[in-house]
Amino acid sequence: MIDFVGRRFIYLAISSLMLVISIVAIATGGIRPGIEFSSGSTLTLVFTRPVSQSDLRAELTALGFADVTVQDTSRDGYTLAGGNLDAAKAATLDQALRDKFGPPAVFSFTEDQSGKTLYTAVFSHKVSQSDFDALVKGAGVTGADEKTASQAAFLLRTRTISQAPGTDASGKPTPSNLDKLQTALKDRFGAFGMFDFYSVSAAVASDVLRKALIAVIAASVAILLYITFAFRKMPSPLRWGTCAVIALIHDTLFVVGTFAVLGLALHIEVDAMFISGVLTVVGYSVHDTIVVFARIRENIRLGVSKEFMTTVDY
């Protein structure tokens, strides 16, 4: 028999330390809400030319997106230069890559006045060089100088960017805010690709957060009532239910605090899946607590020991 109760102060010290770290991390703004909770837009941009994070942020600020968050997510890309590469072969290669790997992050083909050609392909997921080379050969491209290089890619999070076209004073349609942003960035940095565009309005974000809080509170109340009823024949049944809720709060705080620490250290955001994870932790916490309480109740009925501490450890 392991003396769990006898070592309770060690366990309480470890638990208290973790809770203090979690509470401090939460109180200092470690929880970074995703757009599901704070509203706004996220999108990923991949450029065919070198673009620094500071230059992109400065340009976005000049365009009126002063609150933008820019995260570097650079990825490998492929470039082909020279050989028999021309516009027709580039188009053939484009289509072959789309058919094989799905929509790309960005494809770009340029030809300068001297006739030098350059083709760039960057993908939103991992594509092996052997697979890329096979499609290049299949498109009839030969003699081209191929290079693998890190391509500038950035994840942007900012206020909601409208995709709906507007109208001017005379009633004529005008480009949407997203179209204006794309045009301005292309003029400044050249060709780029955009994917993973996602927007959530403030009303939707607040509704998601409200329902999530209601779900957690309702679960806590239901747990308190259920355990109090299930252990109604034990001394102080309300105390058993209260202890279960305290254990639930402990486990939930630890999980939330972990993500708060990650938010401070690695700028990780929480989204709707985070709420699903927390509710899963709530479920397992309640299940484990009930199992332990049921074993203690059974040991009391069997009269394992007159000492409650021994009965808990048995």
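Me: How do H3 and H6 lie to each other?
Reply: H3 and H6 are oblique to each other. Angles under 35 degrees count as roughly parallel, over 145 as roughly antiparallel, 65 to 115 as roughly perpendicular, and the rest as oblique. This is a predicted model, in which local features need pLDDT of at least 70 and side-chain atom pairs count only at pLDDT 80 or more, while totals for chains, interfaces and linings use all residues. Residues are numbered from 1 along each chain as its sequence is written, and side-chain values use heavy atoms, with hydrogens and water left out.

Me: What angle and axis distance for H3 and H6?
Reply: About 135°, with the axes 11 Å apart. Axes are lines fitted to C-alpha atoms, for helices over the stretch in contact, and angles run from 0 to 180 degrees between N-to-C directions. Helices (H or I, at least four residues) and strands (E, at least two) are DSSP runs, numbered from the N terminus.

Me: Left-handed or right-handed crossing of H3 and H6?
Reply: Right-handed. A crossing is right-handed if the near helix is turned clockwise from the far one by less than a right angle, and left-handed if anticlockwise.

Me: Which residues meet there?
Reply: From H3, Asp 55, Leu 56, Glu 59 and Leu 60; from H6, Leu 181, Ala 184, Leu 185, Arg 188 and Phe 189. Contact means heavy atoms within 4.5 Å. The H3 and H6 contact residues divide into six nonpolar, no polar and three charged. Ala, Val, Leu, Ile, Met, Phe, Trp, Tyr, Cys and Pro count as nonpolar, Asp, Glu, Lys and Arg as charged, and the others, Gly among them, as polar.

Me: Now the core. Which residues touch the most other members of the largest nonpolar core?
Reply: Of its 18 residues, those are Phe 47, Leu 56, Leu 60, Phe 154, Leu 156 and Leu 185. A nonpolar core is a set of buried Ala, Val, Leu, Ile, Met, Phe, Trp, Tyr and Cys residues joined through side-chain atoms within 4.5 Å. S2, H3 (53-62), S8 (153-158) and H6 (177-189) give two or more residues to this core. H6 gives the most, with four.

Me: And what does Phe 47 touch?
Reply: Beyond four places in sequence, Phe 47 touches Leu 56, Gln 151, Ala 152, Phe 154, Phe 189, Ala 191 and Phe 192.

Me: Thr 44 next: buried or exposed?
Reply: Thr 44 is buried, at 6% relative accessibility. Buried means under 20% relative accessible area, exposed over 50%, and partly exposed in between (1.4 Å probe, protein chains only). Thr 44 is found in S2 (residues 40-47). Leaving aside neighbours within four places in sequence, its contacts include Thr 73, Arg 75 and Phe 154.

Me: What about Thr 69, how accessible?
Reply: Thr 69 is partly exposed, with a relative accessible area of 32%. Thr 69 is found in S3 (residues 69-72) and, not counting residues up to four places away in sequence, touches Leu 155, Leu 156 and Arg 157.

Me: Back to helices. How do H1 and H8 pack?
Reply: H1 (residues 8-27) and H8 (residues 237-266) pack at about 50°, with axes 8 Å apart. That makes H1 oblique to H8. H1 passes H8 in a left-handed crossing. The residues of the H1 contact with H8 divide into eleven nonpolar, five polar and no charged.

Me: And H4 with H5? What angle?
Reply: H4 (residues 87-101) and H5 (residues 129-138) pack at about 140°, with axes 9 Å apart. The H4 and H5 crossing is right-handed.
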